[in-house]
Structure formats: structure tokens, C-alpha cells
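Me: I would like to learn how to read a protein structure. Please show me one and take me through its features.

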Amino acid sequence: MKTVENDKKLKELLREVKLESPGNDFTMKVMNRVWEEKSIQSRVEVIKNERILGKGFWIILVLFIALFAAVVFTSGNSGEEAGQLSKLMQGLQNDQISDGYKSFFSNLGSLPLSIGGILLASTLLVFIERILSQFGHGLIVHKS
Amino acid sequence: MEVKDDIWYVNKVLNGDTHSFSYLVDKYKDVVFSIAMKVLRNREDAEELAQESFIKAFKSLHTFKGNARFSTWLYRITYNNCISEIRKRKMKFVSADDVQLPDEPDEMNFDGIPAENRAKYVKAALEKLPQDEYTLILLYYFEDKSVEEIVVITRMTESNVKVKLFRARKKLYAFLNEMLKEELYTIL
């Protein structure tokens, strides 16, 4: 019984004791670090949410594939006068647009294949550079 | 009251109001700092460790489920930080088991302590306690934590906490008696 009383008194006594306090700017220092942490977290979130391959990349890729296919298609049939594509366009021969297409693709057919190769290689390089930069940025954020 | 308040602020922080975290820092900085100070015995290091504890708490706030009180969860982070720091520095965690228990009575006549000096004496006696006992006394008497909550914070067994608390109390009384005797001698 006396121990319980003593316990209560000890509690009261301890309440009178003022605990050690950190410096006055402690909360401010913690909050500054919290804000830093928060900005790092949001940067990581942005990187996580950002798609590696953006919309522009896919548009360029589709255009490139179309162009490349056209080049291969027309150059593969170089013996023929206008190539397969122009045959497909025969129904539209009276049309000025089909004439334009025909001349465009026949001109493309005369281009060397190395141009296609250069385009393909540069696309690949852009793609690799983008992946590496994203990866590297993620690492820097993670380290900090 | 504490539960509602703290959880309200925790939810605010989780919902993007980071500034609300400063309320929690202000509320618990003294206890967190006192625990760190007792372990590291250096203000700068203790401040650094206390800051680290709050940053860790902020970073893992999303894992706080509200099953325990926020303070219990925060003190557990602080206690773990202290243990890690001691291991890192290869310091010795002064435990109650390493200190010889003085052969003193389990009770104390608090009325014998002059009222104007009570806080001073108790503080001085508290500082003489080893790290683990100091933390237990701080949590149990100062922070009103139950034995179960102290078990969660320190990961000691319940019986261990009870034994250590008993020993800490006994030691505290012994230190106080000693100081009173010294004062009496100086008066005489």
C-alpha cells in the first residue's frame, strides 16, 4: 500500500523535473530536413510515374517503321516501274494525290538503304540514352 | 485525448500537410532528446540522433497503423536508434545489471526532501541511473507508459521490464537518501 503511495509521489516528483531540451531551433532544423526529404520523395515519385518512352517516341517510331517499310517495299521491287505500292494506288491514278504518293515512294525507292540504317541506329541511340539518363537520375536521387 | 490529437496530426501529414509534423516534433522533442542525451552524453550528438529519429518517423509514417500510441511508436524508433548508435560507436550500454544495487529500503520518505529542492534532487538522482533504467523511469513515470507499451518500445520481456523498473525505483530512492544525508551533514 505504501509502495503505491510512494509510486504516486514519485510520479508527482518526476513531473516537477524539467527534461533536457534540445536547442530552440530544433523543430526548425527537423522541419528543414523533413522538407528536404519530402522534395526527394516527390522527385522519386515523378521519376517513377514518368514513362520511359513518351508519346513522341512512339509517334516517331511508327513513322520511322512506316518509312522504312516503304523504302524496303519499293526498293525490293526496283525492276517494276512503280512498285507494289503504286499498283495498290492504281485505282486512284486519276487523282493528283495518288500521283504525289507515287512519285514520293519511287523517289524513296531510289534512296540507298544505308539511310534507313542510319535512321534506325540513331533511333536506338536516342532510346538507350533516354533509358540511361532515367536510370542514372534515379540512382542520384536514391543516393541523396 | 493524446491518441486523438496525435492521430489527427499524423493523418494530416499523411494527407500532404507536412507542416503538421512540426506539432509532433514540438510535443515529443524533449523526451526523445532526453533519451538520446542519456545514451550519448553529448548535446550535439544527442540532437543529431533526436533529429534522425524524427526523420525516420516521418519517412515511415505511412507504416504507422495507429494500433499503438504515436508516442510509443516514436520512442521505439528513438530507442532502436540509440541501440544502433551504441553498436556503431562500440560503446557499452550501461545496463542495470552492471550496476550494484545499493542495500537501501524500497520506500522513500519524500516529505523529508525540502520542497524547493525536490526537482533538483530528483533530476540529480535520475542522472545517476544507468541508461536503461533512466529510459524505463522516464517512460513509466514521466510519460505514463504502461509496462506493455514499454515492452513494445524496448522489446524487453514484460518480467524484465518489471524487474528493471523495481530496481530503478529502488536505486532512485537510494540516491535520493544519499543526497539527503549529505545535505543533512552539511547543515549539521
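This is a predicted model: local features need pLDDT of at least 70, side-chain atom pairs count only at pLDDT 80 or more; totals for chains, interfaces and linings use all residues.

Me: Which residue forms a salt bridge with Lys59(B)?

Reply: The general idea is that side chains of opposite charge can pair when their charged atoms come close. The rule used here asks for a side-chain nitrogen of Lys or Arg within 4 Å of a carboxyl oxygen of Asp or Glu. Lys59(B) pairs in this way with Glu37(A), and their closest N and O atoms are 3.9 Å apart. Since Lys59(B) lies in helix H3 of chain B and Glu37(A) in helix H2 (residues 26–49) of chain A, the pair joins two chains. Helices here are DSSP runs (H or I, at least four residues; strands are E, at least two), numbered from the N terminus. Glu37(A) is buried, at 15% relative accessible area.

Me: How many salt bridges are there over all chains?

Reply: The search of the whole structure finds 17. One of them links Glu133(B) with Lys171(B), whose closest N and O atoms are 3.0 Å apart. Glu133(B) sits in helix H6 of chain B and Lys171(B) in helix H8 of chain B, so this pair ties together parts that are 38 residues apart in sequence. Glu133(B) is buried, with a relative accessible area of 0%, and Lys171(B) is buried with 0% too.

Me: Where do Lys162(B) and Glu158(B) lie?

Reply: An α-helix has 3.6 residues a turn, so residues three or four places apart point the same way. Lys162(B) and Glu158(B) are both in helix H8 of chain B, four residues apart, or about one turn of the helix. Salt bridges can also share partners: Asp45(B), Glu85(B), Lys88(B) and Arg89(B) are joined by them into one network.

Me: How many residues does each chain give to the contact?

Reply: Contact means heavy atoms within 4.5 Å. Chain B gives 44 residues and chain A gives 29 residues. The buried area is the accessible area (1.4 Å probe) that two parts lose on being put together, summed over both. Between chain B and chain A this comes to about 3700 Å², with carbon and sulfur atoms giving 62%. Across this interface the rule finds six salt bridges. On the side of chain B that touches chain A, the elements giving two or more residues are H2, helix H3 (43–59), H5, helix H6 (131–142) and helix H8 (158–187) of chain B.

Me: How many helices and strands does chain B have?

Reply: Chain B has eight helices and zero strands. Of its 188 residues, 51% count as buried.

Me: Which residues of helix H5 of chain B are buried?

Reply: In helix H5 (residues 118–128) of chain B, they are Tyr121(B), Val122(B), Ala125(B) and Leu126(B). Looking down the axis of H5(B), the buried residues fall within an arc of 135°, so they line one face of the helix. The arc is that of the directions from the helix axis to the C-beta atoms.

Me: What is a nonpolar core?

Reply: In soluble globular proteins, nonpolar side chains tend to be buried together. A core here is a set of buried Ala, Val, Leu, Ile, Met, Phe, Trp, Tyr and Cys residues joined through side-chain atoms within 4.5 Å. The largest one in this model has 66 residues, and those with the most contacts inside it include Leu14(A), Val30(A), Phe21(B) and Leu126(B). Helix H2 (residues 21–40) of chain B gives the largest share of this core, twelve residues.

Me: Is Cys82(B) buried or exposed?

Reply: Cys82(B) is buried, with a relative accessible area of 2%. This residue is in helix H4 (residues 70–88) of chain B. Leaving aside neighbours within four places in sequence, Cys82(B) is in contact with Ile35(B), Ala36(B), Val39(B) and Leu49(B).

How values were computed:
Residues are numbered from 1 along each chain as its sequence is written. Chains are lettered from A and ligands numbered from 1 in the order in which they are written. Side-chain values use heavy atoms; hydrogens and water are left out. Buried means under 20% relative accessible area, exposed over 50%, partly exposed in between (1.4 Å probe, protein chains only).
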